[in-house]
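Here is a short briefing for a first look. Please keep the sequence and the model side by side as you read.

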Amino acid sequence: MKERLVSDVRAAIIPVTPFQQNCTLLWCEKTKKGAVIDPGGDLERIRDAIAQSGASVEKIILTHGHIDHAGGAAELRDELGVPVEGPHEADDFLLQRLAEQGKAYGFEARAVTPDRWLHEGDTVSVGDLTLDVLHCPGHSPGSVVLVSPAQRFALVGDVLFQGSVGRTDLPGGDGKVLIRSIRDKLLPLGDDIAFICGHGPMSTIGQERQTNPFLRGEELV
């Protein structure tokens, strides 16, 4: 499914694996250069989306190290000959255990070490598009969010969902830290920011501020 974000940026959202994780193919219409964000698996679907888009993929970006987001990264990197960027290095322990994670859920995966770790304040380029990096731990220690202030959209991984937030019962998860990440880093971005999340439909910061039951209470004051 394709979502037109703005006139010169496009995204194809490709649900992959039994987890129906939103792998995203993001590309710049002007340059036709693109990036695959969170290739969790089902690489044939991702290949088809790349072919249909006409984009030239120049990198793979990982928002965090869980199997449904990173399980296909090593294989896709080998196929395309492009670097992997992200997540934050605090998720290295997850990326090195991808084969183990895969066995637990019944599909193959390989460990991957990114060519570039991402940190708060870094930027990532996709063609002429520039994305700011926010380190947003809580769902995992190394989760990152990618934001385009100019185009008013973000890729938030499993930090925030429409009507929910990322689970925190997996290794390295912390509910209080997650809410702090959302409160201090995502909500201030502005209500008009649209975001693609790791599972389910898109939303906006404003909609979640008003309706998300996890974003109410004294901890957000």
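The sulfur of Cys197 is 14 Å from the closest cysteine sulfur, in Cys23, which is too far for a bond. A disulfide here is a pair of cysteine sulfur atoms within 2.5 Å. This is a predicted model: local features need pLDDT of at least 70, side-chain atom pairs count only at pLDDT 80 or more, and totals for chains, interfaces and linings use all residues. Residues are numbered from 1 along each chain as its sequence is written, and side-chain values use heavy atoms, with hydrogens and water left out.

**Cysteines**
- Cys197 counts as buried, at 2% relative accessibility. Buried means under 20% relative accessible area, exposed over 50%, partly exposed in between (1.4 Å probe, protein chains only).
- Cys28 is also buried, with a relative accessible area of 3%. Its sulfur lies 19 Å from the closest cysteine sulfur, in Cys23, again too far for a bond.
- The disulfide count comes to 0.

**Cores**
- The largest nonpolar core has 26 residues. Such a core is a set of buried Ala, Val, Leu, Ile, Met, Phe, Trp, Tyr and Cys residues joined through side-chain atoms within 4.5 Å.
- Elements giving it two or more residues include β2 (9-16), β3 (21-28) and α1 (43-53). Helices (H or I, at least four residues) and strands (E, at least two) are DSSP runs, numbered from the N terminus.
- The largest share, 4 residues, comes from α1.
- Apart from this core lies another, of 20 residues, among them Cys136, Ala154, Leu178 and Ile205.

**Helix α6**
- Helix α6 (residues 175-186) has 12 residues and should span 16 Å at 1.5 Å a residue; its end C-alpha atoms are 15 Å apart, which agrees. The expected span is 1.5 Å times one less than the number of residues.
- Leu178, Ile179, Ser181, Ile182 and Leu186 are buried in α6. They cover an arc of only 155° around the axis, which puts them on the same side of α6. The arc is that of the directions from the helix axis to the C-beta atoms.
- What covers these buried residues includes β8 (129-135), β9 (144-148) and α7 (205-211).

**Backbone features**
- The peptide bond from Gly86 to Pro87 is cis, with omega near 0°. Pro87 sits in the loop between β6 (84-85) and α4 (92-95).
- Thr17, not a glycine, has a positive phi of about 65°. Thr17 lies in the loop between β2 and β3 and is buried, with a relative accessible area of 6%.

Key. Contact = heavy atoms within 4.5 Å.
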